[in-house]
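Here is a short report on one protein chain. Look at the overall layout before turning to single residues.

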Amino acid sequence: MARVPAGPGRGARMRDDPGFNCGRFADGVHLFPLRVYYEDTDSAGIVYYANYLKFAERARTEWMRLLGVAHGDLQRRTGAVWAVRRCAVDYLRPARLDAAIEVRTRLRAVGGASAEIGQLVRRGETELARIDIRLAFITPAGRPVRLPGELRAKMQSFVQPQSRP
């Protein structure tokens, strides 16, 4: 999918869907807004714990898209995909039905075939969940494979090792 390049502080929009927002970068952090829908919540109207991982996945996908790399294109080009190797979540406060939330994604490290990412789900200034993810770039057989040089270079420019999202 082709995209219109983002200007400073603006998100990219996909050319084939002008209303689709991929989020935006601010100071090296990807900011991805979401709304909590009924389908995201339990019977009490609180976001079901596993859905925070879905929110984080969507944000990482759009972060990559803003880098100019759609997951489908990357898989077709290299035959490899990203897989979650490790995930740790701290649930701090609940998100509720209809809340406007934001997932902040920060790349902490990029290796030859891996990436370490910190994500923070917030409602305004209130931290709701902290997520630490280690991704592996793998073949269909599940073996690690080196990241394409161009992708690794793009990612490397966003590394912020010690800071929180």
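Among contacts in the chain between residues at least 6 apart in sequence, 63% join residues at least 24 apart. Contact means heavy atoms within 4.5 Å. This is a predicted model: local features need pLDDT of at least 70, side-chain atom pairs count only at pLDDT 80 or more, and totals for chains, interfaces and linings use all residues. Residues are numbered from 1 along each chain as its sequence is written, and side-chain values use heavy atoms, with hydrogens and water left out.

The chain has three helices and nine strands. Their order from the N terminus is β-β-β-β-β-α-α-β-β-β-β-α. Helices (H or I, at least four residues) and strands (E, at least two) are DSSP runs, numbered from the N terminus.

Of the 165 residues in the chain, 41% are buried. Buried means under 20% relative accessible area, exposed over 50%, and partly exposed in between (1.4 Å probe, protein chains only).

Two residues show two of these classes.

What does His30 touch, not counting residues up to four places away in sequence? Its contacts include Cys22, Phe25, Ala59, Trp63 and Val103. A polar atom of the His30 side chain lies 2.8 Å from the backbone oxygen of Cys22.

Note on methods: Polar contact = N/O pair within 3.5 Å; in protein donor to acceptor, adjacent residues only side chain to side chain.
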